[in-house]
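This report goes through helix packing, aromatic rings and backbone details. Please keep the sequence and the model open while reading.

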Amino acid sequence: MFLLTLLPLLLLRDAAAAGILYPRPSESRELLSLDGLWNFALTNSTDPIKGHIDEWYSINFRELDELDIQLMPVPASYNDLGTDPDLRDHVGPVWYQRTFFVPKSWSGQKVWIRFSSVCRAAEVWVNGEWVVSHDIGHLPFQAEISSLVTYGTENTVTVAVDNTLTATTVPQGSISELVSGRIKQSYTFDFFNYAGIDRPVVLYTTPSTYIDDVTVSTDIDGANGFVNYLISVEGTDTVTAKVSLLDKAGNEVVSDTVLNGSLFVQNANFWWPYLMDPNPGYLYSLQVELLDASANLVDKYVLPVGIRTISWDSKTVKVNDKPIYLRGFGRHEDSDIRGKGLDLSLIVRDYNLIKWIGANSYRTSHYPYAEEIMDLADELGIMIIDECPAVNTENFSDELLENHKKSLTELIQRDKNRPGVVMWSAANEPRTQYQAAEDYYKQVVAHIKSLDTSRPVTVVNNQGADNEHSGQFIDVASCNVYHGWYDATGDIDVIVSQVLSAAKRWNELHDIPVIMTEYGADTQEGLHILPSFVWSEEYQDALLSKYFEAFDQMREEGFFVGEMIWNFADFKTAQTYTRVGGNKKGVFTRNRQPKASAHLLRKRYWALAQYLDNAEVPDDLNDYVFGGSTIKDEL
């Protein structure tokens, strides 16, 4: 059967456990990008393992007459780049291949190949030799290939990528064979299952003895700060260390000579969220140097560090002992043509819109976002609820649990040092109404806390507080509520009471802070109906206004700590009659232009920033409207 033929591809060998530091060149490290146009081939969905059987990884694709070779950009999702639904809707393995050169000067060093993300399962060969496999999308993996490459001549890398989702993958899905013979992937989550090598691929070097990992935690005492660090070193050479903290100008603030220590920073510049301080997102640089017996440099790595604390109790979440109120979004890595492929122009545009609208946070719904996206969040002071790829989890099993834990381990390993990450999200909308979810999420949350206790943990639920089995384990309740849309459609007048009832119950039952992580209404841009009617821009504004009213009541009661609209921008979904070209709940269109709701939300977010944090409101929100007077509408 077809279902059985895919299993060997899903039971891949794990990548070697190690540090997964972002690749940064330095005096001791060099870096080459493998981004560009790769050769690309589809397999026939009725014979998905043909590439493995015929050993395509050992053959130059151009010599395979049977293959229809295409050129495929990396990074990018492959689905929307063609004109044939066979590419868009392909289920099963696809194959990528390209050649590359390794400089002669790299001989004698360790050479690594690193993939920032492949969606979803990947298997990698270099010069026909198996290198590494990885089976979780949106997270990086790497392998040392020093002994497999030839120096100063051409090498080949081949990657098999499988987008198949099953009952035990993260996220889950199922496959079936239609009467036409076509294989179809089904899933319950409401975003398109984009696939491919969607983030950068690089080669980089390290010395034989090198810095493998850096773990940082920070603390504050009055105006002073502490940077606590642990450096992991691999290799056999005898080395000493110098660990220095540099300010933004590159000046050394403090240093030490131990691999496990604490740096005291007098009159520190703290990391603050956007609009909570005139100087948000302040980052120091932790410079780690390994030295030989003659004090010559062996290896060097520099890590951005923000000095801040996170604390929480039954009512509040605090940064640097100051209560925060999250104003933000659920989001997606999604855009025309490239799908989830990394696009630096799009990233910059998105952050400019986030700042323009006065938001200070978002959730990485429903998977880890690119490291480059996370870097900018740290730098700009944007707070992140960091979510693993588990969405709509059901059919709980031991194998699923282990894969779920593995995704969290890799996520926390990647993002543990980021000041912008203020909370871990274990899942989005899991089926916690089932009794089996209780032990499952008890173990999931315990696993997170075994890896990091410095941040609160949440599970994003669409179940009512009395009808689910995860709330007793989490630190913050995150609830998704769609009154006025999925239920009581069009009944604007009942929203306030329903929202208050749903959100308050989480605090009453579990005595923890509450965030509304999703609410909203689909809106077709340019559709105007008076009086307001579903799908119109007027209806989206009317619905949001009622939610705002409920939010303000709960915020004044002291347990409500954040509102995140669904969604930042329109995004693509699977084909369904409930979606017209995708999910249209964005306040921005898919090409990042504002709907009427973006202007409404901007007024609210800046009003909250002014009221809560004394932020200065932009001049263009004080538009001239009447009789020589300046009216601050809703501010």
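Is tyrosine 441 buried or exposed? Tyrosine 441 is buried, because its relative accessibility is 0%. Buried means under 20% relative accessible area, exposed over 50%, and partly exposed in between, with a 1.4 Å probe and protein chains only.

## Basis of the model

This is a predicted model, in which local features need pLDDT of at least 70 and side-chain atom pairs count only at pLDDT 80 or more, while totals for chains, interfaces and linings use all residues. Residues are numbered from 1 along each chain as its sequence is written, and side-chain values use heavy atoms, leaving out hydrogens and water.

Helices (H or I, at least four residues) and strands (E, at least two) are DSSP runs, numbered from the N terminus.

Two packed helices are described by the angle between their axes and the distance between the axes. Here, axes are lines fitted to C-alpha atoms, for helices over the stretch in contact, and angles run from 0 to 180 degrees between N-to-C directions.

Helix α7 spans residues 398-415 and helix α8 residues 436-451. Their axes come within 10 Å and cross at roughly 25°. That makes α7 roughly parallel to α8. Angles under 35 degrees count as roughly parallel, over 145 as roughly antiparallel, 65 to 115 as roughly perpendicular, and the rest as oblique. The crossing of α7 and α8 is right-handed. The term applies if the near helix is turned clockwise from the far one by less than a right angle; anticlockwise is left-handed.

On the α7 side, the contact uses Leu400, Leu401, His404, Lys405, Leu408, Thr409 and Ile412. On the α8 side are Tyr440, Tyr441, Gln443, Val444, His447, Ile448 and Leu451. Contact means heavy atoms within 4.5 Å. The residues of this α7 and α8 contact divide into nine nonpolar, four polar and one charged. Ala, Val, Leu, Ile, Met, Phe, Trp, Tyr, Cys and Pro count as nonpolar, Asp, Glu, Lys and Arg as charged, and the others, Gly among them, as polar.

## Aromatic pairs

Rings of Phe, Tyr and Trp (its six-membered ring) pair if their centres lie within 6.5 Å; planes under 30 degrees apart count as stacked, over 60 as edge-to-face and the rest as tilted. By this rule the count comes to 34 aromatic pairs. Tyrosine 440 and tyrosine 441 form one that is edge-to-face, with 5.0 Å centre to centre and 65° between the planes. Tyrosine 440 counts as buried, because its relative accessibility is 4%.

Tyrosine 482 and tyrosine 486 also pair edge-to-face, at 5.0 Å centre to centre and 70° between the planes. Tyrosine 482 is buried at 9% relative accessibility, whereas tyrosine 486 is partly exposed at 47%. Elsewhere, ring pairs link Tyr187, Phe189, Phe191, Tyr351, Tyr362, Tyr367 and Tyr369 into a cluster.

Helix α9 (residues 495-510) packs against helix α10 (residues 537-557) at an angle of about 45°, with axes 9 Å apart. The two are therefore oblique to each other. Their crossing is right-handed. The contact residues of α9 with α10 comprise 10 nonpolar, one polar and four charged.

Helix α5 (residues 344-357) and helix α11 (residues 596-613) have axes that come within 8 Å and cross at roughly 60°. That makes α5 oblique to α11. Lys355, Trp356 and Ile357 of α5 meet Ala598, His599, Leu601, Arg602, Tyr605 and Trp606 of α11. Six of these contact residues are nonpolar, one is polar and two are charged.

## Glutamine 540

Glutamine 540 sits in helix α10. This residue is buried, with a relative accessible area of 1%. Leaving out residues up to four places away in sequence, glutamine 540 touches Ala521, Thr523, Lys585, Gly586, Val587, Lys595 and Ser597.

## Backbone details

Another joins tryptophan 566 and asparagine 567, with omega about 20°. Asparagine 567 is in the loop between β30 (560-565) and α11.

Aspartate 321 is not a glycine, yet has a positive phi of about 70°. This aspartate lies in the loop between β21 (317-319) and β22 (322-323) and is exposed, with a relative accessible area of 55%. Isoleucine 337 has a positive phi near 70°. Its place is in the loop between β23 (326-330) and α5. At 55% relative accessibility, isoleucine 337 is exposed.
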